[in-house]
Amino acid sequence: MRRGEDSNSIMVVGGNGLLGSAMVSVISQETDWNVIVSTRTYLADKSGYERWDSGSRQEWKDKILTKRWKPDVIVNAAAMTNVDMCEVEREEAWKTNVDLVEIVAEMARKVNARLIQISTDYVFDGATGPYTETDRPRPVNYYGKTKLAAENACLSSGVDTTIIRTMWLYGTRVKEKRTFVDWVKESLSSDKEVSVVDDEIGNPTFTEDVAYATVKVIEKNIGGILNIAGPDRISRWDWAEKIRSEFELRGKGRMRKIGTKDLKRAATRPLNSGLVTTKAASLLEFKPMSVVKGLQMQRITEERETR
Ligand SMILES: NC(=O)c1ccc[n+]([C@@H]2O[C@H](COP(=O)([O-])OP(=O)(O)OC[C@H]3O[C@@H](n4cnc5c(N)ncnc54)[C@H](OP(=O)(O)O)[C@@H]3O)[C@@H](O)[C@H]2O)c1
């Protein structure tokens, strides 16, 4: 990592989100880097919170440009992640997923920081997964289009950039954000019926694995596009079965198997998806958690927190 004038510092944009908060926690615990957290309303570092007027992007730029906020690395984990909402509220989706990224890249260039942009398997059409880093993107929904445009904006910005593509994130719950795991677990435990598709295939990925991989990407100075995902490529239905088993929910609620066409969702999904992670395995010695182990980690963490 490039040394800053005072200390190494890393800014996590979207640091309150599902992945962003795992990044902040892993970086704070595993490295001695100074972590600056940027959320929609706050910029904060280890010394406390500082108010940031979310309406004023200029103020955000100014703060980064001052010596105090000058990061060596900026990780952008902020995005509008509700895929169906992106399909409908296209202007807002573009503003968050592309315009904001362009501003982040501009700031990275001005302060000579490395940029790590978090992206997704949704840049692919899901016809011939799993996908490698060199496969040709062809998004089938608006969210995927915005994320591909963001990748291109970063890669053509002249900034030292890494695109980390990941998918099907889960981990300990943050605020109101519910993952697929939370949805299945909470619905079954309150004796509800869940309809789960069996024709969407991908890799469930534990958020902390992405955070650890990001630390290694920074330490090893890896650029370009890199897939980071869990080792098991399974259907949503099989994932739900594993959730039901790990959280001991057999006999609670009901699971109904359906096909994607049965759900009238605004956005088309890439069905036969998944990410090949052999590049990360060789460059980073990336050994992500199996879905069974990840679910077990989530359960143990949640049990500890509610004690
Ligand atoms: N979740 C997945 O399964 C998945 C899969 C593949 C890729 N990804 C990618 O991984 C990254 C993180 O996803 P996530 O699931 O952790 O997302 P998340 O929990 O929805 O968090 C996204 C964060 O983005 C921030 N944000 C949203 N709109 C914003 C705006 N207009 N201006 C500034 N900040 C804004 C929010 O900040 P505040 O908290 O301050 O409101 C939020 O904390 C994203 O790039 C996403 O595309 C996610």
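Visitor: Which residues come nearest to the ligand?
Guide: This is a predicted model, where local features need pLDDT of at least 70, side-chain atom pairs count only at pLDDT 80 or more, and totals for chains, interfaces and linings use all residues. Residues are numbered from 1 along each chain as its sequence is written. Around the ligand there are 23 residues, each with its backbone-placed C-beta atom within 6 Å of it. Those that come nearest are Asn16, Gly17, Leu18, Thr39 and Arg40.

Visitor: Which element gives the largest share of the shell around the ligand?
Guide: Helix 1 (18–30), helix 4 (90–111) and strand 6 (114–120) each supply at least two shell residues; helices (H or I, at least four residues) and strands (E, at least two) are DSSP runs numbered from the N terminus. The largest share is three residues, and these come from helix 1.

Visitor: How does helix 1 lie relative to helix 7?
Guide: The axes of helix 1 and helix 7 (residues 207–220), lines fitted to C-alpha atoms over the stretch in contact, are 8 Å apart. The helices pack at an angle of about 55°, on a scale from 0 to 180 degrees between N-to-C directions. Angles under 35 degrees count as roughly parallel, over 145 as roughly antiparallel, 65 to 115 as roughly perpendicular and the rest as oblique. That is why helix 1 relative to helix 7 is oblique.

Visitor: And how do helix 6 and helix 8 lie relative to each other?
Guide: Helix 6 (residues 180–189) and helix 8 (residues 236–246) have axes that come within 10 Å. They cross at roughly 55°, so the two helices are oblique.

Visitor: Is Trp168 buried or exposed?
Guide: Trp168 lies in the loop between strand 7 (161–166) and strand 8 (169–170), and its phi is positive, near 40°, although it is not glycine. A residue is buried if 20 or more other C-beta atoms, placed from the backbone, lie within 10 Å of its own, exposed if 12 or fewer, and partly exposed in between. Trp168 has 26 such neighbours, so it counts as buried.

Visitor: What about Asn221, buried or exposed?
Guide: Asn221 also has a positive phi, about 55°, without being a glycine. Its place is the loop between helix 7 and strand 12 (224–227). Because 11 other C-beta atoms lie within 10 Å, Asn221 is exposed.
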